[in-house]
Amino acid sequence: MNRLKEGRYVPLEQYLMTMSMNEIKLTFSEIESILKDKLPASAYKYPAWWGNTVQSQKHAVTWLNAGYKIKVVEFGNYVTFIRADRFEGKAVFKVDDSNKAQAVVHTEVGYIGKLSSKLIEARDFLNNMEVDAFSNIDVMEQFELLKGLRRILGNIDNDMSFLGCLLIKQFLQSRHDFSDLNMALKAQGSPGLDIDEMTADGQRVIGELKTTYPYKENDLGAQQKNTFLKDFEKLQRTEAEHKYFFLTERQTFDIVCARYTTYLQGVAVVLLPQALSDNRFIVTVKDSE
């Protein structure tokens, strides 16, 4: 039985089938009212979610079976459907001012290229500075040197998170069937889940990533704990067939497994990159009875 045909998007397909207009414009709220369910976070961020072929996303049968294609999507605001026989060109995707942080403008290759350029610029900058004599130069020169390096490197935590997402991509593709995964689609540091994807057979996969090194030897610091608990809460309250909490530091992984599994029922705790080749670094927390 086709799970998608029996699933959450059938009401939208049925609604479109009753329409006779060449174009139908629905707000995201109207679509969710028709579905009597929230759209996944992916629908608010990723053009790929609104693909016009089942090869891009299996749930595209929702509008394709009804004889429509996606014409325009303004994320978080509205979607315009157009009769398939009147559709020309490509769908248009827009981001309003309130959603610019989620604008989809990067590819994975492009992000890596920018990161490579950043590292080359940092190397050249340091080669031209008195790095070896740093402890002997004037404090104003020390300040200017570090300020220049910070300008080049920017938010290195976001870059670490992106590379962590590429590790996640390898991990997920080894365990699930996806039509496509592009980890550059979600802007690093933007709101929402770090991972929110649909498999080719319509199963939702969500995850959070932490590249944090623990403040204490055997526990997280107070602020670290607060941010972790918020991520745990997001994973618990979000409906999905597969849930993951990804970590990149062995010590943090050990602490989470030892102290915080009560917050992670039904979630797999994964240490990367170790889990790519060793299942001992995947700990699945069972739901409580």
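Biologist: Which residues make the nonpolar surface patch of about 190 Å²?
Modeller: Bear in mind that this is a predicted model: local features need pLDDT of at least 70, side-chain atom pairs count only at pLDDT 80 or more, and totals for chains, interfaces and linings use all residues. Numbering runs from 1 along each chain as its sequence is written, and side-chain values use heavy atoms, leaving out hydrogens and water. Patch residues have over 30% relative accessible area and no salt bridge, with nonpolar side chains (Val, Leu, Ile, Met, Phe, Trp, Tyr) joined within 5 Å and like charges within 9 Å. With areas from the Shrake-Rupley method (1.4 Å probe, only the protein chains shown counting as cover for residues), the patch is made by Leu126, Met129 and Val131.

Biologist: Is Leu126 buried or exposed, or in between?
Modeller: Leu126 sits in helix 5; helices (H or I, at least four residues) and strands (E, at least two) are DSSP runs numbered from the N terminus. Buried is under 20% relative accessible area, exposed is over 50%, and partly exposed is in between (1.4 Å probe, protein chains only). Because its relative accessible area is 31%, Leu126 is partly exposed.

Biologist: Which side chain meets Glu108 in a salt bridge?
Modeller: A salt bridge here puts a side-chain nitrogen of Lys or Arg within 4 Å of a carboxyl oxygen of Asp or Glu. For Glu108 the N to O distance is 3.0 Å, and the partner is Lys169. The pair ties helix 5 to helix 7 (residues 156-173), 61 residues apart. Glu108 is buried since its relative accessibility is 16%, and 16% also makes for a buried Lys169.

Biologist: Why are Glu144 and Lys147 separated by about one helical turn?
Modeller: Their side chains meet in a salt bridge at 3.5 Å, N to O. Glu144 is partly exposed at 44%, and Lys147 is partly exposed at 36%. They sit about one turn apart because both belong to helix 6, at a spacing of three residues.

Biologist: Which residues do salt bridges that share partners join into one network?
Modeller: Start with Glu208 and Lys234, whose side chains meet at 3.5 Å, N to O. That pair links strand 6 (residues 204-210) with helix 8 (residues 222-237), 26 residues apart. Both of these residues, Glu208 and Lys234, are buried. Through shared partners, the network takes in Glu208, Lys210, Asp231 and Lys234.

Biologist: How many salt bridges does the structure hold?
Modeller: The chain has nine helices and nine strands, and 44% of its 289 residues count as buried. As for salt bridges, the total is 16.
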